[in-house]
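Dear colleague,

Please find the structure below, handed over for your own work. My notes on what was found in it follow directly after.

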Amino acid sequence: MNDDVPFWNPYLETMSREELETLQLKKFRRIVKWAYEKSRFHRSLYDAAGLRPEDIRTMEDVRKVPKVEKSMMRDIQRKDPFPYGDALCVPLDEVVEFRQTSGTTGQPVYQPDTWQDWEWWSECWATLLWAQGYRPRDRVFLPFGYNIFVAFWAGHYACEKIGCEIVPGGVLDTKARLLKMQEVRATAMMATPTYVLGMAEVATKKLSLDPARELGIRRITCAGEPGALVPSTKRRMEQAWGAKVYDHTGATEIGAWGFECSAQPGALHVNEAMFLAEIEDLDTGEAITEPGRTGKLVITALDRIAQPCIRFDSKDIVKFGVDPCDCGRTYRLMPGGVVGRADDITKVKGVLLAPSAIEDVVRSMPGLGDEYEVTVEKRGDVDHILLRVELAQGTTDSKSVTEALATELRVKTNLGYEIQVHPYGSLPRYEMKAKRFKDLRYIG
Amino acid sequence: MKQNDMAGRLHLSLMSSKVEQLKEAAEWLRVHSEEFPAVNRNAKRILASVAMLQINLGADEA
């Protein structure tokens, strides 16, 4: 096989817009019909809306289908069959994979998949890994705790599908993982941005190992957090590892829907052959089709059958881009990727604040380490933002860093902050999803 | 080869018909192996891969 071809699927990834929309509509109609016929939850949801599957004839009709929220999934799984509930569309003995959400925003949601679904998961991942340059000659190290969270499981199986050699770095501590990567000369890895930076810190501080010079990692795929498309965070990771860092986004209930390609356009491609992405205005809920306008992502996994994901309210804040990508794919771009969450973006002192904007400022600041924490609370009737940052290793002048940080934050976010500067190594470290933004204003 | 031009479409069509033959063979094995788990379960996995082939070729049924 020719490994130099640029596309995993040259047919789907270069379709014209018209062909893509025809394919999406065909698949959307099919998955709605499937869910209506196979799941009590979907049938009652659509019946209550007066909708029959055959009512969907055009792309405009898609918006007639009721959205599904995460909270609905939690209610569903209290019903039979245990443990998934009545959104399940296949007999229980067809389910071969259990995963669950991390519970970052509440009670975890269980996710069943058939073997066909699992093939589909790894296919979506194979698409993105191929686009990021993974080839059969790669030896890929996976430093994650193979467990109930979907995390990089599908990345593992996608590597097998592509033909890469997988080195599973499961139950090892960070030092052991780094030494194993060096020992086997791994060429690529996958992790959250937080852990990519954390591993580099452990390598330099505890192993006296410079990842950029002494490990042969050429590419890193990030997921779980938006950092790989936050310019300053991407830059820190690429410098620390001497590697190209690519973003990918997805969710347990949805699938791996977006990816950055090797052209690194500062944007995510939506895998439009497998997903239908809609964007809604945050306030009015009206459809946004034009480029450049930010809204909330409502997404459908077009081929997932065990527990369909149809018009799922992802709460991810995104926008469509304008230009086609240099890579040649016709899949639409979302500049900046997921720039926030509808439940994270919040008004502070009347100003809209996205946590990723703070991250970009902190990590672009020389003299500061990678870790930070933001707490928003009420002091009397006034919103107050406390930002705790760490000095970089070897930096002692906190006064000038604080002044520069305050100025830059004022310029970039239009808000004032109480800034606390802490010694290097004193803020918490995370291995998976970090929770650095805490809004305590509405907690009794 | 560009998959979306005329020659590419003929090639896709040929690939799709081969996938259909694979599906028929795997389905036959599955149906005729109720007492033979080693064949039955592997045939089921082949059918899952066949479904993925059909999705990749845009040849999955509407």
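Helices (H or I, at least four residues) and strands (E, at least two) are taken as DSSP runs and numbered from the N terminus. On that basis, chain B holds two helices and zero strands. The radius of gyration of chain B is 14 Å, well over the 11 Å that the globule rule gives for 62 residues, so chain B is more spread out than a compact globule. That radius is taken over C-alpha atoms, and the globule rule is 2.2 Å times the number of residues to the power 0.38.

Please note that this is a predicted model, in which local features need pLDDT of at least 70 and side-chain atom pairs count only at pLDDT 80 or more, while totals for chains, interfaces and linings use all residues. Residues are numbered from 1 along each chain as its sequence is written, and chains are lettered from A and ligands numbered from 1 in the order in which they are written.

The C-alpha trace of chain B spans about 45 × 20 × 15 Å along its principal axes. Of the 62 residues in chain B, 10% are buried; a residue is buried if 20 or more other C-beta atoms, placed from the backbone, lie within 10 Å of its own, exposed if 12 or fewer, and partly exposed in between.

Chain A has eleven helices and 21 strands. A compact globule of 444 residues would have a radius of gyration near 22 Å, and chain A agrees with this at 22 Å. Its C-alpha trace spans about 65 × 60 × 45 Å along the principal axes, and 45% of the 444 residues of chain A count as buried.

Contacts between residues require C-beta atoms, placed from the backbone, within 7 Å. Among contacts in chain A with a separation of 6 or more, 68% are between residues 24 or more positions apart; for chain B the corresponding share is 39%.

Where the two chains meet, 14 residues come from chain B and 15 residues from chain A. Helix H2 (residues 37-56) of chain B gives the most to the chain B side, with eight residues. By class, that side has seven nonpolar, five polar and two charged residues. Here Ala, Val, Leu, Ile, Met, Phe, Trp, Tyr, Cys and Pro count as nonpolar, Asp, Glu, Lys and Arg as charged, and the others, Gly among them, as polar.

Chain A is divided into domain 1 (1-341) and domain 2 (346-439), with bounds from an automatic or database domain assignment. The centres of the two domains, taken over C-alpha atoms, are separated by 29 Å. Their contact takes 19 residues from domain 1 and 15 residues from domain 2. On the domain 1 side, helix H7 (193-206) and helix H9 (231-241) of chain A are the elements that give two or more residues, and H7(A) gives the most, with five.

An open sheet in chain A has five strands in the order S11-S10-S12-S13-S15, with antiparallel pairing; strands pair if DSSP finds at least two bridges between them. Strand S11 (287-288) and strand S15 (340-341) of chain A stand at the edges with a single partner strand each, so one side of each is left without a neighbour in the sheet.

Finally, 16 of the 17 residues of H4(A) are buried, so this helix is largely enclosed by the rest of the structure.

Kind regards
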